[in-house]
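Hello,

Here is the structure for your files. My notes on it follow below.

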Amino acid sequence: MLLLLGRRLSLSFVHRLTTCCPPSLSSSVLIKLRAITRVPHNTVFVSAARQNTVTMPERRPFVRLPTDVYPVNYGLCLKPDLIDFTFEGKLEAVVEVTQATNQIVMNCADIDIITASFVPQGGEEINATGFNYQNEDEKVTLSFPSSLQKGSGSLKIDFVGELNDKMKGFYRSKYTSTTGEIRYAAVTQFEATDARRAFPCWDEPAIKATFDISLIVPKDRVTLSNMNVIDRKPYPEDENLVEVKFATTPIMSTYLVAFVIGEYDFVESQSSDGITVRVYTPVGKAEQGKFALEVATKTLPFYKDYFNVPYPLPKIDLIAIADFAAGAMENWGLVTYRETALLIDPKNSCSSSRQWVALVVGHELAHQWFGNLVTMEWWTHLWLNEGFASWIEYLCVDHCFPEYDIWTQFVSADYTRALELDALDSSHPIEVNVGHPSEVDEIFDAISYSKGASVIRMLHHYTGDEDFRKGMNAYLLKFQHKNASTEDLWDCLEQASGKPIAAVMSSWTKQMGFPIIEVDQEQVSDDRILKISQKKFCASGPHDGEDCPSWMVPISVCTSEDPKCTKLKVLLDRPDTTITLSGVAPDQWVKINPGTVGFYRIQYSSSMLESLLPGVRDLSLQPVDRLGLQNDLFSLLHKQADMQEEKNRIERVLGAISAPDLIQKVLSFALSVHMTTFTARCKVFWFWFFSG
């Protein structure tokens with residue numbers, strides 16, 4: 001699932017920046033400042049301060065569902081009423097009883113059970129004698145007059161529920177028809193724990209089963225679910241209704257089940273590997289689904305090739321939902337989107353909107369393998385699910401649309417933002433232990449997504465693409481249609497690469513924060529000696545505690561001989577080390593972290609920073625590295641006492657680029673304002689200039 005966590009700069013921020021900049025800034029500069037921050041309308045922005053200062057609620061006691069009865073297949077039939085906003089449901093689930101019991105505990109929320117019974121294989125039906133709802137834990141206990149014996153059986157439940165207006169579970173989505181009439185669609189959003197609002201179920205990601213879904217719906221409505229339609233027939237009790245039956249799903253978790261009933265147009269194509277792809281849009285807007293269709297048909301073959309595992313369903317639908325709380329949701333075979341995350345007006349949409357749609361489509365389709373085919377065992381591992389998709393969406397878009405230069409945008413959006421948030425004392429580790437499902441929403445944040453994506457990107461670079469792909473393939477094949485933990489992925493990557501993946505990644509996922517890497521150099525003949533050390537980076541100033549944490553830091557180095565090629569890789573697994581670069585002439589510069597891949601700040605010695613200036617001046621340093629350099633420089637302005645020294649260092653870099661007088665005015669103005677706004681106000685301008 002993709003949440004809109006402020007991955008775009010807000011227009012109000014740009015307005016504040018441009019209105020308070022000195023009058024000497026030209027109108028063309030201000031226009032460019034505004035242009036680089038254009039975003040799709042209706043994007044939700046969550047401020048860093050708000051995200052990181054909320055007091056976590058007290059943890060509630062929680063016990064997962066008992067394992068004495070588990071589902072094998074759900075036979076589910078739902079009949080929604082789009083006028084009264086209710087639905088009727090019939091569940092006939094094939095279950096396995098692992099030990100004798102006289103009760104079945106399931107998840108259930110906002111649903112009223114009418115009748116329930118159990119039919120053991122080859123036996124007589126046993127009617128439930130009571131339904132005990134535990135509303136706080138969203139559970140129901142079905143009691144039976146005699147013990148259900150070990151073996152297979154069928155659990156039958158009749159129930160009713162509400163098509164709610166909460167944008168979760170099975171809910172109603174309001175839209176305006178082409179004639180101006182207010183109408184409603186019935187749609188679903190089940191992640192993390194809302195399938196239980198549509199039907200009684202074992203609503204935990206590790207309790208997988210297959211699903212046979214039937215929907216009784218108005219005959220003039222489009223009806224979709226995870227799988228393809230295998231039967232459509234008139235409903236005998238009402239000539240205005242039809243019963244639509246879908247093919248059996250693969251083994252999957254309940255949170256990935258989906259169904260949609262409404263009025264939609266669509267555009268259709270096939271991927272090169274024969275998968276039917278459709279993009280569903282509001283009526284009259286089919287043209288706006290063509291770009292997403294192009295992205296999806298390019299993306300499916302890319303992932304099939306990258307993972308070396310075919311897409312396991314016969315079709316995939318992407319649909320724009322009028323009322324949708326998240327950015328998008330990766331339901332297997334039926335991906336739901338906010339309209340602004342899927343639709344592109346070919347005449348009026350800007351380039352940034354196209355890039356945003358491409359990234360969101362790439363994110364959700366990655367989940368079809370990483371998340372759907374192999375699913376996290378529990379919500380503790382959600383960060384891996386989302387962090388991985390938030391990284392590989394950029395890899396996919398870079399492959400499909402290399403003209404976007406999308407990795408530079410990753411650094412300016414996800415990577416930089418994650419560094420800023422994770423430097424705060426109120427940050428948290430990437431991997432957070434989740435108990436009660438109510439805690440899940442607390443970890444759907446930028447640390448899980450953006451820092452998660454950044455450390456996966458660093459891991460991919462450290463492992464190497466070939467070994468990373470081998471490890472991913474082994475992981476997907478070993479755990480397909482099953483559940484896995486973070487450690488299972490590390491084991492597969494470790495076996496593929498021979499590197500200490502688990503030890504390295506634990507230092508990044510189980511503790512908050514990141515290091516600042518201090519670097520100095522010495523020239524000895526034709527060798528460059530680099531002295532490297534690490535300590536914790538804090539936004540409030542240097543970490544002075546005795547219990548300073550440390551990381552296993554993959555360090556890469558390039559030189560001016562080939563700025564795009566890594567000359568040396570080392571693993572900094574101690575507080576400091578010394579490395580030697582052979583064959584580096586005195587007039588060559590050395591850059592740490594080429595490509596700005598490592599998740600850390602860098603503080604160069606003055607002489608080393610001075611040697612980098614020619615790379616800034618002649619633009620031989622890549623844009624992403626120039627951006628990383630300025631980010632690191634600005635981040636070091638912790639205290640007023642440090643400002644003059646750092647100001648001098650920044651001025652030396654400014655002097656290496658054109659129009660230094662103009663940027664000097666911006667710097668002087670920024671240094672005159674409060675420290676908390678300095679970095680933000682300068683960063684936008686600096687990024688504009690370095691990208692120009």
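Alanine 192 sits in the loop between strand E10 (182-189) and strand E11 (210-218); helices (H or I, at least four residues) and strands (E, at least two) are DSSP runs, numbered from the N terminus. A cis peptide bond with omega of about 10° joins glutamate 191 to alanine 192.

This is a predicted model: local features need pLDDT of at least 70, side-chain atom pairs count only at pLDDT 80 or more, and totals for chains, interfaces and linings use all residues. Residues are numbered from 1 along each chain as its sequence is written, and side-chain values use heavy atoms, with hydrogens and water left out.

Most residues other than glycine have a negative phi. Phenylalanine 85, in the loop between strand E1 (69-81) and E2, has a positive phi near 60°. Phenylalanine 85 counts as buried because its relative accessibility is 17% (buried is under 20% relative accessible area, exposed over 50%, partly exposed in between; 1.4 Å probe, protein chains only). Aspartate 110, in the loop between strand E3 (101-107) and strand E4 (111-120), also has a positive phi near 60°. Aspartate 110 is partly exposed, at 49%.

The axes (lines fitted to C-alpha atoms, for helices over the stretch in contact; angles run from 0 to 180 degrees between N-to-C directions) of helix H9 (residues 465-479) and helix H10 (residues 486-497) come within 8 Å and cross at roughly 135°. H9 is therefore oblique to H10 (under 35 degrees is roughly parallel, over 145 roughly antiparallel, 65 to 115 roughly perpendicular, the rest oblique).

Regards
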